[in-house]
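Thanks for coming, everyone. Please bring up the model on your screens, and I will talk you through a few places in it.

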Amino acid sequence: MTTKPEMTAADIAKAVAGGKMSARDATEAALARIKQHDGVLNSFTDLTADRARAKARAIDADIAAGKEVGPLAGVPFAVKNLFDVAGLPTRAGSKINRDLAPAKRDATLIERMEAAGAVLVGALNMGEYAYDFTGENVHDGPSRNPHDTTRMTGGSSGGSGSAVGGALVPIALGSDTNGSIRVPSSFCGIFGLKPTYGRLSRARSFPFVASLDHLGPFARSAADLALAYDAMQGPDADDAACTTRGLEPTVPLLANPISDLRIAIAGGHFQKNVFPEAVEAVSRVAKALGVTKIVDVPEASRARAAAYVITTTEGASLHLDRLRKRPNDFDPAVRDRLIAGAMVPAPLVDRAQKFRRWYRAQLAEIFKSVDVLIAPATPCTAPKLGQVNFTLDGVELPVRANIGIHTQPISFIGLPVVAVPVPLEPLPIGVQIIAAPWREDIALRVAHALEQMGVVSAPSPRGL
C-alpha cells in the first residue's frame, strides 16, 4: 500500500500502525510529492529528508518489534520556518536570521508531534518575521496558491497553507498573531486551528508579538486537526504563557452531536467589508447548522485598531536592535511598519491594553448565552500575487493591511477558532468557527459536523 495525496493523517497512521504501509513508504511518498510540485508552490525553504527517513525507519522497527506507536505514526508533517528545527537556523522568513547558529533543539510542538509518531519532512516559507497577510516573501519568493498559482496563499503562514492545500503533507504547523493560520486556511481551502491563547506551547519558536502569538495546526480534515492538536497539548514551563491546564482530548468528542449547542452569526463588523463569496460561505454554514440568530460583537472594529497598536509597538520593540544595525536587510514593507511602531506614543498603547480588557469582558458575556459564533475568515477569496489594493464596501483599501479585517478582533483576546473551508467555485474561502476560551472541542465538533454534512471540505489542488 502506498500513500495517495487524498489520504488523511488518520488514514496514514492507521495503515502504518496496522502494518499495511510502512512509515518509510509514507515518508518517501511525501518527499516525492514535494519534489514534484514544490518548484511551483514554493512552500518549502528547507527539507529534512535524512532526518525524516531515520525517524521513519525507527517507527517501522518499533512496529516490527511489537511496540506501541503513537496516534500519528508515520504521518509526514512540516513546520513554518519560525519553529526551531535542530540543525537549521531559525530564519523566520528573514534574511537577517540566516546568520544565526543552527538550533540545538526542536521546538516543543515538534517534539510532541514526533513523540506521537509524526515525521518532520521540512520547514516552510513565510512572510518576514510573521508581519504579513499575503504569503509573499522578498527573500524566498512568494508561496503560491495550490488552486491557482497566480494567487496568494495568504500569510504569514503561507508555506503551511500551500503545503497542506497542495497535498504535499497532510499536516503543517504555523503561527497566528492576527490571523496567520486562518487567512492561509481560507485562501488555500483547508482546515486550520488557532487555539486559545496559552493553550499550546510556543517554546523555541521565533516570536512576533508575545501577547498575541499562538501556534497551531493546518490539516485537510477536522479529524486530523484534532489529532495534531491533542498530540501537542500540555503544560510547558519553557513558555511562560502556556497554561497549566491538563490534557483535554478532543478526538473522543469529535463525533458528539451538536444539536445542544447554541450557535449564532457574528453581526456588526463581521457583516461589513465582505465580498459576495464571503457572504455566501457564511450563509451556507449557517443554513446547514440551522442558525438564524445574529449577535452583535460590540466595538469589534475598535478591537482591530487596538490589535494594530499592540502589534506594531511590540513588534518594533522586539526588532529595535536589528532595525538599527541592519535596516537594509529587512523587507522594506516590514521595516517601515516596525519603524512606525517604534514611534507610537505610550498613552495609545496603554489605551489599547485597557480596551482589550474591556473587550474581553464583553465577549465573555456573549459566551454565557452562545457556544459558537460564525464569522468570515477573510473578506474575499485569494487575491492575485502582487495585488496592492481591493475595494471593500465601495472604498479602495490596501490588500496587505486588510486581509485580516475579520480575524484580528478574535485573536486580539485569544479565543479558539477553527477555520473551515467552503469549496466555492472557482476558489475556496474560509469561515471562522469561534468558541469560548478553552473550548477547542466545541469548535472542532462543529467543524467535523459541517464536514460530515458535506458543507465544508478541502478541495483537491486545482492548480497543479
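This is a predicted model: local features need pLDDT of at least 70, side-chain atom pairs count only at pLDDT 80 or more; totals for chains, interfaces and linings use all residues.

Numbering runs from 1 along each chain as its sequence is written, and side-chain values use heavy atoms, with hydrogens and water left out.

Helix packing. Helices (H or I, at least four residues) and strands (E, at least two) are DSSP runs, numbered from the N terminus. Axes are lines fitted to C-alpha atoms, for helices over the stretch in contact, and angles run from 0 to 180 degrees between N-to-C directions.

Start with helix α9, residues 300-325, and helix α11, residues 346-366. Their axes are 9 Å apart, and the packing angle is about 135°. What does that make them? Angles under 35 degrees are called roughly parallel, over 145 roughly antiparallel, 65 to 115 roughly perpendicular, and the rest oblique. So α9 and α11 are oblique to each other.

The crossing of α9 past α11 is left-handed. That term applies if the near helix is turned anticlockwise from the far one by less than a right angle; clockwise is right-handed.

Who touches whom? Contact here means heavy atoms within 4.5 Å. On the α9 side we have A300, R302, A303, A306, V309, I310, T313 and E314. They meet L348, V349, A352, Q353, F355, R356 and Y359 in α11. By class, that contact has 10 nonpolar, 2 polar and 3 charged residues. For the classes, Ala, Val, Leu, Ile, Met, Phe, Trp, Tyr, Cys and Pro are nonpolar, Asp, Glu, Lys and Arg are charged, and the others, Gly among them, are polar.

Now α9 again, this time against helix α10, residues 332-342. The angle is about 110°, with the axes 8 Å apart. That makes α9 roughly perpendicular to α10. From α9, the contact uses T312, T313, G315, A316, H319, L320 and L323. From α10, it uses R335, R337, L338, I339, A340, G341 and A342.

Next, backbone geometry. Most residues other than glycine have a negative phi, and most peptide bonds are trans. Here are some exceptions.

Where are the cis bonds I want to show? One joins G155 and S156, with omega about 5°. S156 sits in the loop between β3 (119-124) and α5 (158-165). Another runs from E425 to P426, with omega near 5°. P426 is in the loop between β12 (417-422) and β13 (429-435).

Then positive phi. A130 is not a glycine, yet its phi is about 70°. A130 is in the loop between β3 and α5. Is A130 buried or exposed? The cut-offs are relative accessible area under 20% for buried, over 50% for exposed, and partly exposed in between, with a 1.4 Å probe and protein chains only. At 5%, A130 is buried. A167 is another non-glycine with positive phi, near 60°. A167 lies in the loop between α5 and β4 (171-176). A167 is buried too, at 5%.

Cysteines. A disulfide is a covalent bond between the sulfur atoms of two cysteines. The test is a pair of cysteine sulfur atoms within 2.5 Å. How many pass? The count is 0 disulfides. Take C380: the closest cysteine sulfur, in C188, is 13 Å away, too far for a bond. C380 is buried, at 4% relative accessibility. C242 is also buried, at 9%.

Finally, single residues. T243 is in the loop between α7 (222-232) and β7 (263-267). T243 is buried at 12%. Beyond its neighbours within four places in sequence, T243 contacts G198, R199, P235 and W438.

A9 belongs to helix α1, residues 9-17. A9 is buried, at 0%. Not counting residues up to four places away in sequence, A9 touches L72, V75, P170, I171 and D224. A9 and L225 are 216 residues apart in sequence, and their C-alpha atoms are 9.2 Å apart.

Last one, T381, in the loop between β9 (372-376) and β10 (389-392). T381 is buried, at 14%. With residues up to four places away in sequence left out, T381 touches F187, E277, L427, P428 and I429. From T381 to A316 is 65 residues in sequence and 30 Å in space, C-alpha to C-alpha.
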